[in-house]
Amino acid sequence: MPATTVLDATTADGALLVLAIVLPVVGILLSFVLGGRYAERIAGVLLPAGFIVACIIFLKVWQGGEPLIYIVGGWQPPLGITLRADGLSVAMMVAMAIVICLIGVFAHANFGSRAASVETRAPLVFWVMLMAISGAMNMIFLGGDLFTLYVALELLTFAAVPLVCLDGRVETLQAALRYLLFALLGSILYLVGTALLYGSYGTLDIVLMSQRVRLEPATLAAATLMTLGLFAKTALFPLHLWLPPAHAGAPAAASAVLSAVVVKGSFFLIVRLWFDALPGLLSVAASQLIGVLGASAIICGNIVALRQKRLKLLIAYSTVAQIGYLFLMFPLAFSADPSPHHYGDALTAGMLQTISHATAKAAMFMAAGLIYAALGHDRISELGGIARALPMTMFAFGLGGLCLIGLPPTGGFLAKWLLLEATIATAQWWWAIVIIAGGLLTSAYIYIVLSRTMGPPNAPLTLYAAVPKYQEVAALGLACLSVLLGLVALGPIDVLQVGRPEAPMAGLR
Amino acid sequence: MNAATLFGLCGAALVGIGLYGLITNPEPLRKILAFNLLGSGVFLLFGMIARRAAAAGLGGDPVPQAMVITAIVVAFAATAMAIALVQRLADETGRASISSDSSDAVDGEGKS
Amino acid sequence: MSIASVFDIALVALILAIGASTILVRTAFAAVVMFAVYGLLLSIAWVRLHAVDVALTEAAIGGGMTGLLLLGAVARSRSDDVDRVRVGYPVRLAAGGLCALVVAGLAIVVLHPPAAVPTLAPVVMENLPPSGLGNPVAGVLFVFRALDTLLEKVVVLLALLGVWSLAPDRAWGGTPGLQVYAKPDPPLIFLAQLLPPVGIVFGIYMCWVGAKDPGGAFQGGTVLAAMWLLVIVAGLQKAPAISRLWLRGLLIAGPMLFLAIGLAGWVFADAFLAYPEGYAKPLIVAVEATLTLSIAVALAMLAAGPPERAQQQ
Amino acid sequence: MMETYPLLAGALLFPLGMLLACLWPGALLRMPSYLAFAPIPAFAAVLFVADVSPLVVGPPRLHLTFTLDLPGALLLGVAALLWITAGAYASPYLQGRPNRGRFAVCWLAALTGCIGVFLAADMVGFYLFLAMLTLGACGLIIQHETADAWRAGALYIGLGLLAETLLLIAFVLLAADIPGNGLLIADAAAALPTSPHRDLIISLLIAGFGMKAGLVPFHVWMPRAYAAAPTPAAAVLSGAAVKASILGMIRFLPLDTALPHTGTLLAAAGLFAALYGVVIGMTQRRPKVVLAYSSVSQMGFIVAVIGMGMIAGDGRAALAAIFYSANHVLVKGALFLSIGVIAATGRRYLWPMLLPVAIIAVGLGGLPLTGGALAKIVVDGPLGDGAANTVATLSAVGTTLLMLQFVRGLITTVSTDQEATAAPSLFWPWLSTAAASLVVPWALFLAVPEGMLPNPLAPELLWKALFPVLLGAILAAVVWRWVRRLPHIPEGDIVVVLDSCVKIAPAWGKTIEQAEGMLRRWHVAGISLLALTLALGAALLAQ
């Protein structure tokens with residue numbers, strides 16, 4: 001590639017990108033000074049506003065077919081920082097914004113603070129952290145500089161950890177500490193990588209990097225360390241030690257945001273790293289190694305999920321398994337006979353899987369939270385009769401399950417179709433076996449849970465708390481989204497390829 | 001060997017020492033300490049890169065130096081949060097540990 | 001071999017020895033003391049690397065504040081059954097071996113710099129004059145990579161909220177503990193009366209000088225935070241309740257002003273976080289000044305820990 | 001003739017609309033009474049749609065295509081009839097039972113899936129509606145919520161999903177072979193003979209559809225599922241739903257191209273299932289289970305016809321198989337419905353009721369003048385004169401035997417109340433199904449242009465049809481008279497092996513769980529992190 005290319009310039013509407021980041025930041029600062037009683041109101045305005053901004057950016061990118069770019073402070077990289085919204089970023093931004101907004105609706109029941117006379121702890125922390133997660137995710141999706149992305153990653157971690165131990169029980173404190181320490185280990189490894197990359201190329205801008213990058217030990221070492229650091233933060237098997245206790249112990253709304261949104265941040269950075277910053281550097285052997293980790297996550301995570309006795313832990317292990325699916329895109333995209341077509345297909349599949357898992361898993365954690373609130377426990381063997389008491393909740397859970405299994409027309413189905421297509425096109429049938437086995441194991445635990453909840457209660461069912469309708473609606477809304485996601489094939493799936501010239505338009509033909 | 005490379009090697013070694021401590025030490029507080037050691041090793045790598053790139057009359061490239069300053073503050077914030085967690089845990093249980101289930105107790109973390 | 005290299009080698013050896021000892025010593029207390037020494041040595045290393053800004057930051061935050069924090073934690077943990085159980089020998093051997101391999105990999109990378117070392121120093125110096133700043137590091141922090149700096153302030157605020165979130169519900173809105181130093185002794189009080197005026201002047205100076213010479217908001221803020229903590233610990237002043245509006249206001253004043261000026265840049269200088277021509281220096285100094293205050297409060301509160309006593313009305 | 005578009009769209013959208021209406025609690029409450037109306041537009045479409053012009057839904061890049069070709073129309077017509085009568089039967093059946101709402105929802109989902117599969121002309125649509133059918137059917141099977149029902153449901157959904165995943169891979173492979181961007185089934189079938197993955201695709205298709213069709217050894221779900229399902233659900237599942245797999249085979253397999261090896265395998269598997277179902281079925285007591293094994297046998301027979309067609313590369317075998325299936329739809333549906341009717345009938349009115357049951361039951365074995373005999377005539381050509389024909393005759397004998405066994409079992413289920421009669425709302429749907437099962441095959445047979453098929457009233461054909469039936473009847477008499485004790489084989493026979501596998505699975509699961517617990521320890525995870533760092537670094541360097 002030519003060493004000197006025309007530098008990026010701020011595009012029209014690029015200012016929207018700044019807005020997407022500034023809005024949550026303003027929310028955090030205002031919540032601090034106005035106090036916890038207003039935090040929910042601030043979030044109630046700013047999160048939907050963020051969603052609207054994300055939608056506008058999405059439309060601009062989709063219609064324009066060009067990435068949006070904003071040069072912060074007018075300083076061109078390598079000196080300055082750019083914000084860049086390509087197809088991947090806008091798709092993820094919109095999806096995460098919807099999920100976060102609906103989680104916000106759901107959380108009103110537990111963290112509502114409008115009526116309170118004084119500031120209380122949990123609501124302030126929850127709403128500020130929710131806005132912080134929204135801002136950090138936007139930053140991760142838009143950031144064009146690897147060091148800015150490091151700061152965004154830390155922002156995400158610092159926002160996520162307090163959510164784990166929001167109720168202050170000992171086991172959640174332990175889980176939070178475990179999470180924090182392992183995540184810090186991950187980020188510091190990422191930081192080593194950025195140092196080495198800067199040392200080699202004198203820039204951390206992703207576009208400039210992709211033009212200058214060459215095959216040399218320092219770059220490979222940097223890439224290795226960054227990837228492993230991000231694996232640790234994404235909880236890719238066998239580095240998932242922190243995920244089950246953290247996601248299972250947190251309050252329902254927090255579990256939903258952790259499982260659906262937060263792990264996707266570090267995963268997105270891995271994609272950015274290999275697909276955008278260091279294109280063509282991932283060797284076949286390395287991509288197979290990543291695939292093996294993903295496959296073991298699918299098999300092991302699903303089997304352990306099958307053996308769980310508590311619903312939230314089951315869902316958490318299901319997240320471990322579903323994270324594995326995300327990583328199957330690497331061996332498929334970087335196969336021995338590279339063709340731009342499979343490259344784009346695998347990327348599309350991975351992103352679809354990310355988004356459909358986000359919606360489905362958030363819905364399932366919400367449903368589990370409602371069950372917990374109603375019954376006072378979530379022991380699977382004692383869930384009998386709950387389906388009759390909370391039909392809408394269980395319906396949401398079931399729909400989410402369908403998406404995880406990958407039945408049509410869910411987003412999970414479309415993702416699996418694309419993944420299978422790529423396995424066949426690249427003649428790597430062994431990944432197809434893993435995908436099939438994973439789907440069957442998933443259907444087994446979904447079936448077990450559903451059959452328990454529909455079965456007769458062991459003892460007369462006593463509901464401890466009435467479940468507000470809007471919480472059920474929020475869960476059902478997310479579940480329906482995950483089901484309808486398969487229909488994106490009819491429309492904007494091409495948007496994922498905007499801004500990546502090396503791969504032609506792909507998707508379902 | 002110039003000074004930059006020397007301190008770079010020192011940073012690499014500190015990374016190793018920090019990783020070792022973070023992995024093998026069962027005490028959360030010592031893990032936090034090891035994390036700081038690891039972090040300072042990484043910062044020294046940045047320092048080496050900055051020093052190596054000295055030009056334009058400056059003793060080093062100011063961009064990585066500025067990054068280190070940012071990273072130091074972030075690392076401090078992380079340390080503060082981790083220590084607060086350890087202390088709260090100690091208040092609740094009388095001891096701090098990051099293991100959550102009984103199967104973990106055998107590896108020593110549960111008893112630290 | 002010049003004297004300088006001998007000094008460097010000795011320094012590195014010392015850093016490594018003390019660094020390793022923080023991992024290997026048996027008691028946590030000894031380890032923390034070692035770590036404080038280590039922080040000072042590291043500052044010297046940074047001076048040797050011609051990074052005085054970093055050296056100051058490392059000394060103030062990396063060594064000083066972190067050391068203080070760890071010391072407080074060790075003192076509070078009251079645990080004397082330290083290190084009784086360690087992981088098994090094979091595990092340590094495996095971990096050690098793998099760490100050595102990682103170090104070897106990094107060493108190879110360190111020893112093979114690229115043929116043409118890339119640098120941004122000339123570009124920075126070329127673009128620095130319009131901002132009116134003399135210190136290139138400050139230039140990077142507040143002009144070229146201002147977005148990072150702004151986000152990092154948010155990170156600190158979030159960490160603070162994270163620390164506060166660990167308070168029991170009943171203590172929310174109350175004052176942080178700092179119980180370790182429950183009984184202040186006379187020398188401490190004397191120190192707390194003597195040092196702060198000097199420290200405050202020094203901190204403000206550091207912030208002011210940061211525009212031109214090494215120093216700046218972080219370092220100045222840290223010194224101010226240390227002085228404030230000293231005063232609180234000595235019992236001369238009570239720690240503020242975290243629900244105080246002035247406290248919250250001070251915390252967000254810096255980032256808020258930074259953000260506001262950044263947004264104003266949108267109108268007056270055509271880009272977010274750009275400074276209008278001619279006003280760059282005064283604006284940056286204003287931002288730095290408020291940031292120093294905000295950082296001081298944030299760092300002090302981070303070190304003070306979560307609220308433990310309900311606020312007495 | 002009317003426009004194709006609105007009819008096809010109505011056939012699909014009407015049940016789908018009813019399904020969506022169930023979201024409204026008021027509609028859900030009343031829905032069980034209106035189930036019979038849902039398939040009427042589909043039936044109307046079969047009657048009035050004249051051409052095969054497709055209905056295309058969606059933007060040009062990716063769309064669903066529906067069309068009503070001859071095999072689809074034949075099956076859809078009889079299936080819609082059965083869904084109508086069974087729906088009418090279900091409404092009184094559900095009176096006063098729990099979970100009526102869920103039954104209606106699952107019923108409508110299965111119905112929509114069934115209609116969709118029969119109409120789908122592209123792979124995505126076919127797969128989508130097949131999945132819908134599976135889910136709905138699973139919901140119907142677990143209706144009674146007994147332990148047996150849950151197990152049957154698990155078995156059904158497990159095998160169903162496995163089958164669908166195999167099909168999915170086959171579809172993906174096929175999609176890669178279709179020139180251009182289409183996903184039409186017809187194009188896929190046309191491209192299949194020249195595909196580089198031909199044998200793999202065909203194996204996947206046969207395995208997938210075989211599981212759905214209950215081909216031995218994948219038949220294990222059938223006895224359990226039909227025994228557990230409510231009577232009207234068992235009727236539509238065994239009659240209509242299972243035919244989706246036959247239609248799938250006919251649509252996807254290249255029947256115009258001679259593939260002797262695959263064809264022989266398929267025919268052998270089918271004929272084996274045809275006999276196996278009879279043999280195991282004879283050892284069963286419960287009428288529903290006997291009927292299920294008869295389904296195993298009959299589906300095997302249909303698969304064998306398709307297999308024979310593949311050997312010869314004779315495309316007409318497809319229509320023959322469809323005709324045979326169409327007959328089976330109505331007969332099996334009527335027989336399942338009769339279980340409920342007889343159970344509600346007292347001994348006094350038993351014989352008038354039992355007579356039609358016996359006629360259509362033995363008709364399945366080929367009793368002259370019944371649909372069964374016509375079906376046998378139709379498939380006679382594709383079966384040829386070789387061993388397959390002999391096995392077919394054997395199977396006819398066996399089927400007669402099995403059906404007599406069914407009727408005998410049915411008698412024991414008669415109501416204890418001497419004077420009891422089945423309610424008219426149960427009786428009439430059953431009787432119309434039974435009547436349709438006799439009339440419709442004749443109507444279809446007569447629609448075939450004269451000369452294509454032999455005259456069914458010719459004496460030698462009558463005899464050829466009659467003698468297996470007589471043989472079967474004699475055998476039945478012999479068995480009942482002389483064989484005191486038939487061996488007792490558990491329902492679902494070899495599923496017992498699967499059950500024991502399920503029993504040892506926890507031990508494996510536990511091992512994996514323990515290993516996973518080990519990996520979650522802090523220092524183990526740390527060491528894994530370092531080891532992976534080195535491994536990834538090495539793998540990256542290896543280029």
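Modeller: A crossing is left-handed if the near helix is turned anticlockwise from the far one by less than a right angle, and right-handed if clockwise. By that test, helix 1 of chain B and helix 4 of chain C cross right-handed. This is a predicted model, in which local features need pLDDT of at least 70, side-chain atom pairs count only at pLDDT 80 or more, and totals for chains, interfaces and linings use all residues. Residues are numbered from 1 along each chain as its sequence is written, with chains lettered from A and ligands numbered from 1 in the order in which they are written.

Colleague: What makes helix 1 of chain B roughly antiparallel to helix 4 of chain C?

Modeller: The axes of helix 1 (residues 3-24) of chain B and helix 4 (residues 89-111) of chain C cross at roughly 160° and come within 9 Å. Angles over 145 degrees count as roughly antiparallel, under 35 as roughly parallel, 65 to 115 as roughly perpendicular and the rest as oblique. The crossing angle therefore makes this pair roughly antiparallel. Axes are lines fitted to C-alpha atoms, for helices over the stretch in contact, and angles run from 0 to 180 degrees between N-to-C directions. Helices are DSSP runs (H or I, at least four residues; strands are E, at least two), numbered from the N terminus.

Colleague: Which residues make that contact?

Modeller: Contact needs C-beta atoms, placed from the backbone, within 7 Å. Among those that qualify are Gly8(B), Ala12(B) and Gly16(B) from helix 1 of chain B, and Ala95(C), Gly96(C) and Cys99(C) from helix 4 of chain C. By class, this contact has 17 nonpolar, five polar and one charged residues. Ala, Val, Leu, Ile, Met, Phe, Trp, Tyr, Cys and Pro count as nonpolar, Asp, Glu, Lys and Arg as charged, and the others, Gly among them, as polar.

Colleague: How many residues do chains D and A bring into contact?

Modeller: Chain D has 41 residues in contact with 41 of chain A. Helix 7 of chain D gives the largest share of chain D's side, 13 residues. That side divides into 28 nonpolar, nine polar and four charged residues.

Colleague: How do you know how confident the predictor is in chain B?

Modeller: From pLDDT, the predictor's confidence in each residue, from 0 to 100. The mean for chain B is 82, and 82% of its residues reach 70 or more. Among its elements, helix 1 of chain B has the highest mean (93), and helix 4 (residues 102-105) of chain B the lowest (36). Over residues 100-112 of chain B, pLDDT stays under 50.

Notes:
Two residues are in contact if their C-beta atoms, placed from the backbone, lie within 7 Å.
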